[in-house]
Amino acid sequence: MTTRGRRPPGSGPVTEWGPVPESGPVTAEIDYVLPLRWHDDAGLAELTGYLRGLSRHVRIVVVDGSPPPLFEGHARLWRGIAEHVRPDDDLTVANGKVAGVLTGMRRARGEHVVIADDDVRYDPGALARVHALLDHADLVRPQNHFHPLPWHARWDSARTLLNRGLGADYPGTFGVRRSTFEKMGGYDGDVLFENLELIRTVRAHGGREVRPLDLYVRRLPPGTRRFWSQRVRQAYDDLAQPARMAVFLAVLPCVGAALWRRRPELIAAGAVAAVGLAEIGRRRAGGRRIFPAAASLFAPIWVLERATCSWAALAARFALGGVPYAGRRLRVAAHSTRRLRRRALQTPVPSGSGVAGRWSGLRQPGGSGSLVARKPAAL
């Protein structure tokens, strides 16, 4: 959970698996849902070691959409560590991660559930804090940070810092109350920006979201090739936030106008403003102990990247009907909160008590599959 050997505030003594929270170990009252779909096993040994340590603190459900040979190898390695299943067949959503989350939530047993991408690495202290926060919140939104930090991770960390400067970042992990998720009937799986869709769906159903900026959770950086492949797709996410998209679409015309008028000082002022906003984000909630100063310096480069890719994303939306994702083309980045609130008002209130009663007959907002609970298999 540290950067360059530095430890975040409040970390306890270090064990083989990481810092031990001062409040004590996490109990098995929390479930951990990990959706994944791999095409090779390059990181298998590292992930297996993480899951083995994690299993001492939580119940793990791995929803694995990998091809059969990989799936079978994972099943052998993770037997006794996690419940390892395929995505449920009745979920016909376009976004495979959402299908994995819905499948995993069907099998979760506790009220408190952590949902995490396969590159997220919790330590016991972070798990304990999410667990505690879920006593009073429906959705917990931690702060991811990359470690290790190759050049492209520093570049992408500028996005994180800018988001922190304006409010909060969009992590690859959440804590969620299972009863709230059941009440919602899940969330729409036919969108690209599934994390924003989950956040807005919780809000639309009256849920309480907390965003502790000092709840740092490590994330492994992608490889360079994957980093470049994500540029336009991540810019497409901004279509769900029109004001933000408009700002990025205006950057290149403004730069061009400044060059045309031979006013390079305007471009320099914009770069300084980007660095300043990123630095504000870095200094919030003890972030200087987590994010290197160099990440703020990448902010102008990241803004230019996003500005360029935003035009490509806009072209993909109107000329191609969306962006490619897992063999399909997704048109919608995420639905507006207003639309989700209208859906929430139309969602039938589940009847009965107990898991089966709460989930029976409910459908996720997109209508792509029932969320009927299934009896979880033994770990």
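The lining of the second largest pocket is made up of 19 nonpolar, 2 polar and 1 charged residues (Ala, Val, Leu, Ile, Met, Phe, Trp, Tyr, Cys and Pro count as nonpolar, Asp, Glu, Lys and Arg as charged, and the others, Gly among them, as polar). This is a predicted model, in which local features need pLDDT of at least 70 and side-chain atom pairs pLDDT 80 or more, while totals for chains, interfaces and linings use all residues. Residues are numbered from 1 along each chain as its sequence is written, and side-chain values use heavy atoms, leaving out hydrogens and water.

The pocket's volume is about 650 Å³ (the space filled by probe spheres set on grid points, which are joined across faces, edges and corners). A pocket here is an open set of points on a 1 Å grid over the protein atoms alone, where a 1.4 Å probe fits, with protein on both sides within 12 Å along at least five of seven lines; lining residues have an atom within 4 Å of a point. Among the residues closest to the pocket's centre are Val 247 and Gly 270.

Each helix below supplies at least two lining residues (helices are DSSP runs of H or I with at least four residues, strands runs of E with at least two, numbered from the N terminus).

| Helix | Residues |
|---|---|
| H5 | 151-166 |
| H10 | 242-260 |
| H11 | 264-283 |
| H13 | 299-320 |

H10 gives the largest share, 8 residues.

Elsewhere, Asp 88 sits in the loop between strand S5 and helix H3. With 5% relative accessibility, Asp 88 is buried (under 20% relative accessible area, with a 1.4 Å probe and protein chains only).

Methods
Buried < 20%, exposed > 50% of the residue type's maximum accessible area, 1.4 Å probe, protein only.
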